[in-house]
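Hi,

Here is the structure I promised to send over. Have a look at it first, and then read my notes below.

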Amino acid sequence: MKRTILTTALAALLCLPLPAQQPAKKQAAPQQVAQQPVKQVSQTPPADTAYFRAGLWRSQLDAYYKADSARFPAPGALLFVGSSSIRMWHDVAAYFPEYRVLGRGFGGAWMSDVLYHIDRLVIAYRPGQVVLYAGENDMANGVAPETVARDVDCFLRLMELHLPGVPVIVISPKPSPSNARWLENQRRAGALIAEACRTRTNATYVDVATPMLGPGGEFREELYLSDRLHLTAEAYRLWARLITPHLIPQRNEK
């Protein structure tokens with residue numbers, strides 16, 4: 001617990017403070033719709049933090065930590081971390097058979113959630129490489145693209161501090177029909193994140209947004225489930241093709 005508090009404090013010192021309250025309601029009208037409480041998920045923060053989303057997704061995170069206590073993953077894994085687009089990539093290991101893959105997606109995580117949990121969810125595993133996808137949910141709830149990009153940059157700085165030399169692949173915000181009204185914000189965030197990655201030796205930006213749209217900018221419906229938000233197997237095959245060229249040649253060690 002003390003180390004989690006320390007990492008959170010470092011995030012505040014290295015970057016911007018982690019959000020202590022929900023985005024202001026004066027943002028855009030769609031924000032009020034997107035901020036409906038998540039069913040059966042407590043938003044009560046643990047006693048050690050003021051971060052307003054600290055209590056979210058506890059059952060999913062605790063399930064990971066329980067599995068870790070039984071058999072902690074060996075260091076050097078290819079770690080996928082982020083929001084539901086990672087969580088719902090159930091067979092991610094099958095796309096990368098030469099690697100020992102560890103999936104740690106949770107809930108409808110924001111980028112700030114990943115920052116808050118970075119100590120146990122990333123650093124503790126001592127991965128050989130990290131693939132990060134988060135930020136889409138932040139913007140769907142009114143968080144500014146600039147804030148998302150700063151949070152990603154903060155993640156990269158914490159990686160350099162705690163896991164120097166470990167490369168990070170940052171996946172761009174994905175376009176989806178259900179979040180179409182946020183498309184321009186996603187593009188703005190993507191451009192800022194790409195620039196942040198270019199300034200760092202440990203980061204690679206992978207653009208999935210462009211190939212997920214048709215030649216006229218239309219959504220490719222075959223890439224989305226019926227909710228028009230989450231991804232089909234065809235979309236994950238596309239992601240895997242885009243990610244693979246940037247993986248370090250680290251063989252699976254069983």
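Helix 9 crosses helix 10 in a right-handed sense. One thing to keep in mind throughout is that this is a predicted model. The two helices pack at about 30°, and their axes are 8 Å apart. Angles under 35 degrees count as roughly parallel, so helix 9 and helix 10 are roughly parallel to each other. If you want to click through the contact, helix 9 brings Pro145, Glu146, Val148, Ala149, Val152, Asp153 and Leu156. From helix 10 come Asn185, Arg188, Ala189, Leu192, Ile193, Ala196 and Cys197.

At one of them, strand 1 and strand 2 run parallel and are paired over five bridges. Leu78 has Val101 in strand 2 as its bridge partner.

On to the inside. In soluble globular proteins, nonpolar side chains tend to be buried together. Here the largest nonpolar core has 45 residues, and Val122, Val130, Leu132 and Phe155 have the most contacts inside it. At least two residues each come from helix 3 (58-70), strand 1 (78-82), helix 6 (111-116), helix 7 (118-121), strand 3 (129-133), helix 9 (145-162), strand 4 (168-171) and helix 10 (183-198). Which helix gives the most to this core? That is helix 9, with eight residues.

Leaving out residues up to four places away in sequence, Val122 touches Leu79, Val81, His117, Pro127, Val130, Phe155, Met159 and Leu163. Apart from this core lies another one, of 26 residues, including Leu78, Phe80, Val101 and Ile171.

Lys174 is in the loop between strand 4 and helix 10. Would you call Lys174 buried or exposed? Its relative accessible area is 1%, and anything under 20% counts as buried, so Lys174 is buried. Not counting residues up to four places away in sequence, Lys174 touches Ser85, Tyr133, Glu136, Gln186, Val208, Met212, Leu229, Leu231 and Trp239.

Arg241 is the other one, and you'll find it in helix 11 (residues 233-243). Arg241 counts as exposed, with 56% relative accessibility. Along the chain, Arg241 and Phe96 are 145 residues apart, while their C-alpha atoms are separated by 10.0 Å.

Cheers

How values were computed: Residues are numbered from 1 along each chain as its sequence is written. This is a predicted model: local features need pLDDT of at least 70, side-chain atom pairs count only at pLDDT 80 or more; totals for chains, interfaces and linings use all residues. Side-chain values use heavy atoms; hydrogens and water are left out. A nonpolar core is a set of buried Ala, Val, Leu, Ile, Met, Phe, Trp, Tyr and Cys residues joined through side-chain atoms within 4.5 Å. Buried means under 20% relative accessible area, exposed over 50%, partly exposed in between (1.4 Å probe, protein chains only). Helices (H or I, at least four residues) and strands (E, at least two) are DSSP runs, numbered from the N terminus. Contact means heavy atoms within 4.5 Å. Two strands pair if DSSP finds at least two bridges between them. Axes are lines fitted to C-alpha atoms, for helices over the stretch in contact, and angles run from 0 to 180 degrees between N-to-C directions. Angles under 35 degrees count as roughly parallel, over 145 as roughly antiparallel, 65 to 115 as roughly perpendicular and the rest as oblique. A crossing is left-handed if the near helix is turned anticlockwise from the far one by less than a right angle, and right-handed if clockwise.
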